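User: I'm new to this structure and would like to learn how to read it. Could you show it to me and walk me through it?

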Amino acid sequence: MASITLQNIVKEYDDGFPAVNDVSIDIEDGEFVILVGPSGCGKSTLLRMIVGLEDITSGDLLIGGDRVNDKPPRERNLAMVFQNYALYPHLSVFENIAFPMRLAKGKFTQEQVKEKVERAAGMLELTEHLQRKPANLSGGQRQRVAMGRAIVRDANAFLFDEPLSNLDAKLRGQMRAEISQLQRSLNTTSVYVTHDQTEAMTLGDRVAVLKKGVLQQIASPRELYEQPANLFVAGFIGSPSMNFLPGTVSEGSTGSTVLSTPLGDIELPEQVAAAGREKEIVLAGIRPEFFEEASQVEESRRGRGSVFSAELSHVEWLGNEQYGYVRYQNDPRVADALANLAADMDADELRTQLVVALDAMSRIRGGDTAELWVDTRRIHLFDPATGENLTRDAEAGAELTRLAAEDRRRDRERAAAHAD
Amino acid sequence: MNPKTKSRLGWTVVTVLVLGYSLFPVAAIFATSFKTPGDLGNQTFLPTSWTWQNYEMIFVGDAQGLFLSALRNSIGIALIATFIAVVLATLCAYAIARLDFPGKRIILGAALAVSIFPVISVVTPLFNLWRTIGLYDTWPGLIIPYLSLTLPISIWTLSAFFRQIPWDLEQAAQVDGATQWQAFRKAIVPLAAPGVFTTAILAFFIAWNDFVYGISLTSTEAARPVPAALAFFTGASQFEEPTGAISAAAIVVTIPVVVLVLLFQRRIVSGLTQGAVKG
Amino acid sequence: MSTAAVPATKRGVKAGKPVKSQRTKAEARLGWMLAGPAFVVMLAVTAYPIAQATFDSLFSYRLTTPDEREFIFLDNYLLLFSDWTFWRAFLVTLLITLVTVAIELVLGFALALVMHRALKALRGALRTAILVPYAIITVVSAFAWYFMFDINSGFVNNWFSWVPGISADLDWFGNTWTALSIIMAAEIWKTTPFIALLLLAGLAQVPGELVEAAKVDGATRSQQFTRVIIPNMKAAIMVAVLFRALDAFRIFDSVFVMTGGDQNTEVLALLAYRQSISRLEIGLGSAVSVVLFACVLLMCFIAVKLFKVDLASGTDQSQAKAKKGGAEQ
């Protein structure tokens, strides 16, 4: 087990296209780090550089403190789970798991191989299937065999390349939990590539968000969610996505500061307003759950937000909650910024509609006009020109990530105690 | 950058090696074909002075009768044998790819069996039969046995090609308002044509290459193809070897092959491997 | 595809009731109408002659004296099997087959790997070059090699006179082993591209991810090759070897051109030719033909039964399996 350090890593292809551009990440020993981003963001390239399947154009890659840039994959002692599992079709499940040990001739005795494979098989519930060929296994079982092959290695780190993308949704959830528990119990440094932000949020100690080869932000899932560094991270993390409402910050009639939006004026608390006062126009990032029906909000909390009324175009009832949609006229000055954001996120054009999360009990229907309360303290303001988050509280964010690291340490101690 | 230059250098060396391997014997006979009779015995690779003499000999000189008729026979017989094989194989492969009928596997199995058949084994009875019924030393007398060479590979290659055609397109075209004939013509033919064409090239190569039938079932210029004729070339005098004339004739019959390879190498490779590996 | 689905349901119907539906019958009729002519022609040009040859081989039958034709049952075969000429031809053929296929497999693998790894820009040139020996007429190739080594016109003796044993008066075709070496060299040159292309297709079917996984799992280059690549293209290798072995066993053109069977280089096909066409001994020639045919059949049988080569589907089967596995997910 070892730490992995990426220092100013660059990957440039022959045509000069930089697939990965100046990425630096420190991965602690035992940490679970997720690389996430839309397709083409360079996350897989980065992973393949760590494992040694791609050359590093410039920068340093350290595993356990040693520079490994020029070492072939087999000298890096890493284990990788591939997207299509890469099981050897001509070998039985047993031999697939034993394969890495068979390659290191003379290092393991027959008994050691057998014992290690059987222990891994036991952990992964594969014991009954050891003699079968991969072609006769279900998707989930293949996934486990691939993990078994990684486990028996005593590798410095596990690398996962979109390992769940070939499974159906239900199985994906189950395997997600298994991977998470396995990583915790083995306490092996892990790097996991995915394009699915849900996987990123649920699995990672820290999540690195990449866009076009550039690292946008690396932080705990909570920090990414609460204190995103920029428009892209804010939009990419969270489902449904954060709403981006154009507006201008100005002094209201009653002496308070308001944000004038296409949906009306929203009163802002001073610490938020201060950040946007200088700008001609800002994008207000408001997550759907920041909204509530005004009638539902207790009197004591009402003052911490602002109320406005809007006509819902339609609602979607999901059982545990419902989403209401509000159409609005977009400001042409931010149209470009939003179109770019949509392209970056691999999404179709962003619809100019607001998504608000409503209580499942609410009887509001499409066409109704609703009185909506919004928690203005949690609103972030973004600069549409640079995408920068003007209201980011770096300290609060760092605190969230520090707490996550503490949680991980507690998990590790608990796992160690169990093992004893 | 250094490893890059190194690998580029390595690849250049490898490419030169492969090119040398593939082309050296051809280059040797090419050089020989331009040698004067005096040069032929001097044991050098290149002629000391280049001459068209050998080509004149086979096109307008002494060897003209032998070579030109053989060339005509080769072209005619190979083309006809290819054409018949491709037509029959197209119908057959269409049925195999498209229809479900008992005996499909038998047909493919028979094609395979015929393709591994030792040609010489059928030559003896054909030789005897052709003499009896008058097909010996005639075009049909070669075209018919050539089908045993060209048909099996055509059936295999075309079946493999046709299986990859999305036949649903035909129905889609009909839903879109095309008649059955239009649907076939507009949707299927453009997709099937490359496969048929490739198959024809492969079949032609095989017919063009034949030697056993050519030498066994002919006796005169009436039907003898080039490969067989090459073995019958004689020198200007009894003591002179016909090396120059053979080399020139060999180069002439190699030109069409090289041209086809240059133009269609990608197709030929896919046809070869599909027919043989995938089936 | 609907075409794939239709037969499946039809089969279900068949299993339920033995009576074929009108449509199934019509489809079968159309199928045979289209495929029949090709099938009949194939049989006519091979099955009939081999049957005739088998029949003829039981007679003492010489074309020059057709009236003396006489049924002698297996005497032709007994004569063959007691004659050293036959056994020599058999052994020479076998030797050529074994040596050429073995060398071609190694050389073919090297060529296939070169083409597989080659930069995109070079691939076309390499493929074109490699197709030249494949497509060239065998007789032309035989003459090219013959002229290179010929004692009068060849430049090889001149070029390699510094090699011990090679001198201006070395007659390559005057000695069994040197003559056989050149014959085999010409065969290898001409047919290696075929094996290389089949192996290339096999290589292309080994998923790149498997090789990468092996690299990560700690495999050296040679381990990647022996433990992952080769086992996964076993089917392609077997098919290539079998096809080439069957082809090599029929060798005729090169030997005919280079030595005409002199210097103990006669092969089975040449023996058959000499008996029937040159000497018009139809009975004996037919017997050689039948033996040659039997040898090819035997080789096929051994390959299919012992080595489990699935000729009919080749590498298709592994794909079908993978597909089946995928469907189970």
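This is a predicted model: local features need pLDDT of at least 70, side-chain atom pairs count only at pLDDT 80 or more; totals for chains, interfaces and linings use all residues.

User: How many helices and strands does chain C have?

Analyst: Chain C has 15 helices and two strands. UniProt, in an unreviewed entry, places "domain: ABC transmembrane type-1" at residues 90–303 of chain C; its positions are given in the numbering used here, feature names are shortened, and annotations may be inferred rather than shown by experiment. Over that stretch the chain is 77% helix and 0% strand, and the end C-alpha atoms are 19 Å apart.

User: What share of chain C counts as buried?

Analyst: The idea is to count neighbours: a residue is buried if 20 or more other C-beta atoms (placed from the backbone) lie within 10 Å of its own, exposed if 12 or fewer, and partly exposed in between. Of the 329 residues of chain C, 48% are buried.

User: And how do I read contacts between chains? How many residues of chain B are in contact with chain C?

Analyst: A contact means two residues whose C-beta atoms, placed from the backbone, lie within 7 Å. On that basis, 88 residues of chain B touch 92 residues of chain C. Helix α11 (residues 243–278) of chain B gives the largest share of the chain B side, 18 residues. Sorting by class, Ala, Val, Leu, Ile, Met, Phe, Trp, Tyr, Cys and Pro count as nonpolar, Asp, Glu, Lys and Arg as charged, and the others, Gly among them, as polar. That side of chain B then has 63 nonpolar, 20 polar and five charged residues.

User: Which elements of chain A touch chain C?

Analyst: Here 22 residues of chain A are in contact with 21 residues of chain C. On the chain A side, β6 (78–81), α2 (93–103) and α4 (139–151) each supply at least two residues. That side comprises 15 nonpolar, five polar and two charged residues.

User: How do α2(A) and α4(A) pack?

Analyst: Axes are lines fitted to C-alpha atoms, for helices over the stretch in contact, and angles run from 0 to 180 degrees between N-to-C directions. For α2(A) and α4(A), the angle is about 30° and the axes are 7 Å apart. In this contact, A:Val93, A:Asn96, A:Ile97, A:Phe99 and A:Pro100 of α2(A) meet A:Val145, A:Gly148 and A:Arg149 of α4(A). By class, the contact has five nonpolar, two polar and one charged residue.

User: On to sheets: in what order do the strands of the open sheet in chain A come?

Analyst: Strands pair if DSSP finds at least two bridges between them. Four strands of chain A pair antiparallel in the order β2-β1-β4-β5. Since β2 (18–27) and β5 (66–67) stand at the edges with a single partner strand each, one side of each has no neighbour in the sheet. Strand β4 (residues 58–63) is joined to β5(A) by two bridges, and A:Leu62 has A:Arg67 as its bridge partner. Helix α1 (residues 43–51) of chain A lies across β1 (4–12), β2 and β4, at about 120° to β1(A).

User: Where in chain A is there a hairpin?

Analyst: β9(A) and β10(A) make one, with two residues between them. Five bridges join β9 (residues 206–211) to β10(A), and the two run antiparallel; A:Leu210 pairs with A:Leu215. Five of the six residues of β10 (residues 214–219) are buried, so this strand is largely enclosed by the rest of the structure.

User: Are A:Ala86 and A:Glu125 buried or exposed?

Analyst: A:Ala86 is buried, with 25 other C-beta atoms within 10 Å, whereas A:Glu125 is exposed, with 12 C-beta neighbours inside 10 Å.

User: Where is there a cis peptide bond?

Analyst: Look from A:Ser239 to A:Pro240, where omega is near -5°. A:Pro240 sits in the loop between α8 (231–236) and β11 (243–251) of chain A.

Methods:
Residues are numbered from 1 along each chain as its sequence is written. Chains are lettered from A and ligands numbered from 1 in the order in which they are written.
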